[in-house]
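Biologist: Could you walk me through the inside of this one, starting with a helix and what comes after it?
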Amino acid sequence: MMYRVQRYSRNHEQAWNDFLRSSKNGHFMFFRQYVEYHSDRFEDFSLIFSDEKGRVVALLPANLAEGVCYSHQGLSFGGFLTSQKTSTQDVVALFDSLVAYLKQNSVLRLVYKPIPYFYFSLPAQEDLYALYRNDATLIRRDVSSVIDLHQPIRYSKGRKWSVNKAKKDDMSVIEKVNLSEFWSLLTDTLKSQHEARPTHKLEEMQSLRDAFPENIRLFVAEKNGQVLAGALLFVNRDVVHTQYLANSTIGRELAALDLVLDHLIKDVFQEYRYFSFGISTEDHGKYLNEGLIAQKEGFGARAVVNEFYEIAIT
């Protein structure tokens, strides 16, 4: 079976968002308002797949660059978004339809980033099998750190000590709506420690936070009215992800960030399923930042890999 493939356009926005809401592996980052915040940087090549009756059966957030289709360079991960009824046979057919469409449009390669399994509401790794069937090559693997909140949470001795130390100080953890003070701290931290800067601009993230207030949330540790540390979170269904973490010099002395994370893990989101810290790898996954991953594993997080696959379109 072959599916009809259409390139996304603005008149598909409602159909796209409606299907996403009911998908078994969706994420709020795939809503069109989020995908298009950086439309000036990426040529959108998102695709809609329909059956013979015109019913949407799958979505593929994607962009096109130099003859390569990516799923999606502006997002942490991508891949096919499918319904609860989607079978393995369906996804094999979706890949057949995708490859044929890419060939017709002179696309040379497909770079595919599967959605990590812990974001699924139902098992949805049919695409990994379809990738194998299409002779896909694994080209990158990053290591992420995730806590299963349904299991006993076991901090390391060092992490227990720092959290207890922070609790004895006069700090409070509060949620903020305005991101500006945290963003200044984040920008300074990334520049001084890593010669880097946030992927998002403040204006972009504030606009996204205002558009998705239940999904993008900021918690900070304050003392005497000063923000010492903070965590900007992406919350999707029952998964909490630390998109940005920042700690000031004083915050590091007082273990302020540990206090924030402990409060989130054990109080604010204790009823959720997973708490994700993101990747600790660099250089396309070849370099493991051992200090960074040790900090995350000190909270009881363990490894989940984020994979990148490539298919040559011939």
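Modeller: This is a predicted model, and in it α4 is followed by D135, whose phi is positive, near 60 degrees.

Biologist: And which residues of helix α4 are buried?
Modeller: In α4, which covers residues 126–133, the buried ones are E126, D127, A130 and L131. Viewed down the helix axis, these buried residues fall within an arc of 140 degrees, so they line one face of α4.

Biologist: What covers them?
Modeller: The cover over the buried residues of α4 includes α3 (88–104), β8 (109–112) and β17 (302–312).

Biologist: Switching topic, how many cavities of 30 Å³ or more are there?
Modeller: The count comes to one cavity of that size, and about 50 Å³ of space lies in the largest cavity. Its lining includes E126 and D127, both of which are also buried in α4, together with N25, F80, T82, V91, I115, F120 and A124. By class, that lining has five nonpolar, two polar and two charged residues.

Biologist: OK, now the largest nonpolar core: which residues have the most contacts inside it?
Modeller: That core has 42 residues, and those with the most contacts inside it are F28, Y34, F182, M205, I216 and L232. Elements that give two or more residues to this core include α1 (13–22), α7 (202–211) and β12 (226–236), while α6 gives the most, with five residues. Apart from this core lies another, of 29 residues, among them V92, F95, V107 and Y112.

Biologist: Back to F28, what is it in contact with, leaving aside neighbours within four places in sequence?
Modeller: F28 is then in contact with Y34, F212, N215, I216, F234, V235 and N236.

Terms used. Residues numbered from 1 in each chain as written. Predicted model: local features only at pLDDT ≥ 70, side-chain atom pairs only at ≥ 80, totals over all residues. Heavy atoms only, no water. Core = buried A, V, L, I, M, F, W, Y, C linked by side-chain atoms within 4.5 Å. Buried < 20%, exposed > 50% of the residue type's maximum accessible area, 1.4 Å probe, protein only. Helix = DSSP H or I, 4+ residues; strand = E, 2+ residues; numbered from the N terminus. Contact = heavy atoms within 4.5 Å. Arc of directions from axis to C-beta. 1 Å grid on protein atoms, 1.4 Å probe; cavity = no way out; pocket = protein on both sides within 12 Å on 5 of 7 lines; lining within 4 Å. Points joined across faces, edges and corners; volume = space filled by probe spheres on them. Nonpolar A, V, L, I, M, F, W, Y, C, P; charged D, E, K, R; others polar.
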